[in-house]
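I opened the notebook to record what I looked up in this structure.

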Amino acid sequence: MERIVIVLLALAVSACVAPGKAVIDKNDTPLTLSEKALDYFNNKEYGVAIGYYQAIIDNFKKDQFEKEIAWAYYEIGFCYYTMGDNEKALKYLSIVLNDSSVQAPRVLAEKIKQKISAQMNTGPK
């Protein structure tokens, strides 16, 4: 019985943090997708927020929407950071730092990366 409860709890937790499927309308723009993502983020539905930010990356061309895509990568990294998944956060923050020339998300990505680095250096207390 105890094993079943543990398995159910593990499934429930993984469902809460796994990237969710974004429902995209053909008229959605990066702005409308970002607004939807922010609503989910504010409601602590980080997986769904990630799904909307990923939709920006997957559905719009970088040469036309470089700023929006850079922000989407940053926001995905920030979602993972907020969820405590520093490894995935670093992956997305590194994309912003290495592949984007858009300054604002680069500055914020560097700040979060430094916070993660400080956490890793101090370890759990």
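Which residues line the largest pocket? I worked on a predicted model, in which local features need pLDDT of at least 70 and side-chain atom pairs pLDDT 80 or more, while totals for chains, interfaces and linings use all residues. Residues are numbered from 1 along each chain as its sequence is written, and side-chain values use heavy atoms, without hydrogens and water.

Entry 1, the pocket. I found the lining to be Pro30, Leu31, Ser34, Glu35, Leu38, Tyr53, Ile56, Glu68, Trp71, Ala72 and Glu75. A pocket here is an open set of points on a 1 Å grid where a 1.4 Å probe fits, with protein on both sides within 12 Å along at least five of seven lines; lining residues have an atom within 4 Å of a point. H2, H3 and helix H4 (66-83) each give two or more residues to this lining; helices are DSSP runs (H or I) of at least four residues. H2 supplies the largest share, five residues. I noted the volume as about 170 Å³, the space filled by probe spheres set on the points.

I read that the axes of H2 (residues 30-42) and H3 (residues 46-59) come within 7 Å and cross at roughly 170 degrees, the axes being lines fitted to C-alpha atoms over the stretch in contact, with angles from 0 to 180 degrees between N-to-C directions. H2 is therefore roughly antiparallel to H3 (angles over 145 degrees). Residues in contact (heavy atoms within 4.5 Å) include Leu38 and Phe41 of H2, and Tyr52 and Ile56 of H3.

Notes: Angles under 35 degrees count as roughly parallel, over 145 as roughly antiparallel, 65 to 115 as roughly perpendicular and the rest as oblique.
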